[in-house]
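Here's a quick tour of one protein model, written for someone who likes to check backbone angles as well as the overall fold. Have the viewer open and follow along.

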Amino acid sequence: MKLASFSTTDIPKPRLGIVRDDEIVDVDLAARALNIMPYDQALDLLDHYEQGMQELNAILGKAANRRFSEVRTFTEIGAVHSLSDVQLAAPIPRPRKNILCLGQNYAEHAKESAEARGHEAAELEAPIFFTKAPTTVNSPYGKIVIDPSVSVEIDWEAELAVIIGKGGKNIREEEALSHVFGYTVLNDVSARDLQWRHKQYFKGKSIDGYCPMGPWIVTANEITDPQELTVRLRVNGVTKQDGNTRMMIFPVRTIIAVLSQGMTLEPGDIIATGTPSGVGFARKPPEFLKAGDVMETEIEGIGTLRNLVVNAS
């Protein structure tokens, strides 16, 4: 199942939709047509997971093997839209908490980062964690704004993001994947000059709009193995990153287990799992995004983000 947050000219506030092929069905309207309680926001759905999933399955059951637009009940009330006619927001447009992130979770990225800074890469004994502010969240096709008065070294980082569905604390590694609701594509856009200046990750990672996500959440049952997904990033059609989640130093199950030690993970928490090699600052010579660039972030089996880079007005 693919779940997106979308809006239309008539319904400007993003709401939850089920995506199938080139159509999206409005969960709120479709549920009401079936006389069941709607959860029209992703976080509401996750807060009422069991009942919410029953609702979604009832909607899919009504459609069965047909297109949404072929279900008269849904089309009569205007619940079905073409994807080309809606605006997609991030699947969780405003997370309740900071996005949880991993640094240097791919060995080749750790190596290139160390070499670019004149160091030798050290073997990690434990994950490196940092966070991005909720205000960084951007839509899958949103613009990335460069303000030269703030930063001029804007870099890319293609990442698999994990959405927690079932909360927990001290989660055992062998049970960790059962806590995952789904997966989405994320780009940990980074202001490198701020990152180096402030000697830590948070500020350089937390510029407004520097976390495009989406285009949707693919539920965990649709992803056979989160450690077998190709991760790619292109700038103006040129491939800059081409890796696979099997290259992670700490796989998803380990990340969840370690993060949850003494710290409760909650439904709706977003975990960015790190990026493969090929980032801009480690290239020779270094490369950074500039106005007019088009950045595409793609993960196999999930989807592609497409973000235009613009200068601040």
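## A helix on the inside

Let's start with helix α8, residues 252–259: six of its eight residues are buried, so the rest of the structure largely encloses this helix. Keep in mind that this is a predicted model. The buried residues of α8 are Val252, Thr254, Ile255, Ile256, Ala257 and Leu259. And what covers them? The cover includes strands β6 (99–103), β7 (128–132), β11 (158–164), β12 (180–187) and β17 (270–272).

An α-helix has 3.6 residues a turn, so residues three or four places apart point the same way.

## Zooming out

The protein has eight helices and 19 strands. Its radius of gyration is 20 Å, close to the 20 Å that the globule rule gives for 313 residues, so the protein is as compact as a globular protein of that length. Along the principal axes, the C-alpha trace spans about 65 × 45 × 30 Å.

How much of the protein is buried? Buried residues account for 55% of the 313. Of the contacts between residues at least 6 apart in sequence, 75% join residues at least 24 apart.

Strand β2 (residues 15–20) is another enclosed element: five of its six residues are buried, so the rest of the structure largely surrounds it. On one side of the pairing story is β1 (residues 2–7), which runs antiparallel to β2 and is joined to it by five bridges. Within that pair, alanine 4 stands opposite glycine 17 of β2.

β2 also pairs with β3 (residues 23–26), again in the antiparallel sense, over four bridges. Here valine 19 has isoleucine 24 in β3 as its bridge partner. In a regular strand the side chains alternate between the two faces of the sheet.

The β2–β3 hairpin has two residues between the strands, and aspartate 21 takes a positive phi in this hairpin.

## Backbone angles worth a look

Which residues other than glycine have a positive phi? Aspartate 21 is one of them, with phi near 55 degrees, and asparagine 35 is another, at about 60 degrees. Aspartate 21 sits in the loop between β2 and β3, while asparagine 35 belongs to the loop between α1 (27–33) and α2 (42–47). Aspartate 21 is exposed, and its relative accessible area is 62%. Asparagine 35 is exposed too, with a value of 73%.

| Cis peptide bond | Omega |
|---|---|
| Glycine 214 to proline 215 | about -10 degrees |
| Lysine 284 to proline 285 | near -5 degrees |

Where do the two prolines lie? Proline 215 is part of strand β14 (residues 211–219), whereas proline 285 is in the loop between β17 and β18 (294–299).

Terms used
Residues numbered from 1 in each chain as written. Predicted model: local features only at pLDDT ≥ 70, side-chain atom pairs only at ≥ 80, totals over all residues. Heavy atoms only, no water. Rg over C-alpha atoms; globule rule 2.2 N^0.38 Å. Buried < 20%, exposed > 50% of the residue type's maximum accessible area, 1.4 Å probe, protein only. Contact = heavy atoms within 4.5 Å. Pairing = 2+ DSSP bridges.
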